[in-house]
Amino acid sequence: MADDFVLDVTRIRDEARRKMEEGPVTDTYGSDRDRVIGVLNDVVATEVVCWMRYTRHAIAATGIDRAQVSAEFTDHAKEEMQHALQAAERISQLGGDPDFDPATIKQRAHTDYTTPADGDLQQMLRDNLLAERIVISTYQEIIRWLSDRDPTTRRVLENILEEEEEHADDLLDLIGN
């Protein structure tokens, strides 16, 4: 089997010079940039909703295990906001505008914002575990869709996915207590 790989550096240099204003998005970018930006804006919305839900639950939690569960919710909330910022930064790198519009976040998010009555810790844990499982599945599908056409966005989502799986594992442990 012959290796027919040839790198035309002269062509690449010429194209890079002609399109300087496009920043990191080059002619070799393999995806539909607008579609990726739209998907990432849905990720931003999802992560913002997760941040709000975890923050609300951390504050509203009551009961004997409140301190431990609230601390876990607070940690998860911080990580969810970091995820939103990571996705927003990637949108910006792709030449898009991150969409933090409160009027549309709920409609674009993959998960729901829940407020269990009476600070019910078990319901909060279940609500957050459900949300994590939804996020895990949707991010896995996005990663498969991106394939090798946008390795940078794929890696951003893979890193986020790894933390989401850790969140689900943490929540499952807490539900078991």
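Predicted model: local features only at pLDDT ≥ 70, side-chain atom pairs only at ≥ 80, totals over all residues.
**Close-up 1. The packing of helix 2 against helix 6.** Two packed helices are described by the angle between their axes and the distance between the axes. For helix 2 (residues 33–60) and helix 6 (residues 151–176), the angle is about 25 degrees and the axes are 13 Å apart. Since angles under 35 degrees count as roughly parallel, helix 2 and helix 6 are therefore roughly parallel to each other. The crossing in which helix 2 passes helix 6 is left-handed. Helix 2 contributes Val36, Leu40, Val43, Glu47 and Tyr54 to the contact, while helix 6 contributes Thr153, Leu157, Ile160, Glu164, His167 and Leu171. Sorted by class, the residues of this contact between helix 2 and helix 6 comprise seven nonpolar, two polar and two charged ones.

**Close-up 2. Helix 5 from its cap to the residue that follows.** Helix 5, which covers residues 121–146, has 26 residues and spans 37 Å from its first C-alpha to its last, close to the 38 Å expected at 1.5 Å a residue. Asp120 caps the N-terminal end of helix 5, where one of its side-chain oxygens lies 3.1 Å from the backbone nitrogen of Gln122. After helix 5 comes Ser147, a residue whose phi is positive, near 50 degrees.

Terms used: Residues numbered from 1 in each chain as written. Heavy atoms only, no water. Helix = DSSP H or I, 4+ residues; strand = E, 2+ residues; numbered from the N terminus. Expected span 1.5 Å × (residues − 1). Polar contact = N/O pair within 3.5 Å; in protein donor to acceptor, adjacent residues only side chain to side chain. Axes fitted to C-alpha atoms, helices over the stretch in contact; angles between N-to-C directions. Parallel < 35°, antiparallel > 145°, perpendicular 65-115°, else oblique. Left-handed = near helix turned anticlockwise from the far one by under 90°. Contact = heavy atoms within 4.5 Å. Nonpolar A, V, L, I, M, F, W, Y, C, P; charged D, E, K, R; others polar.
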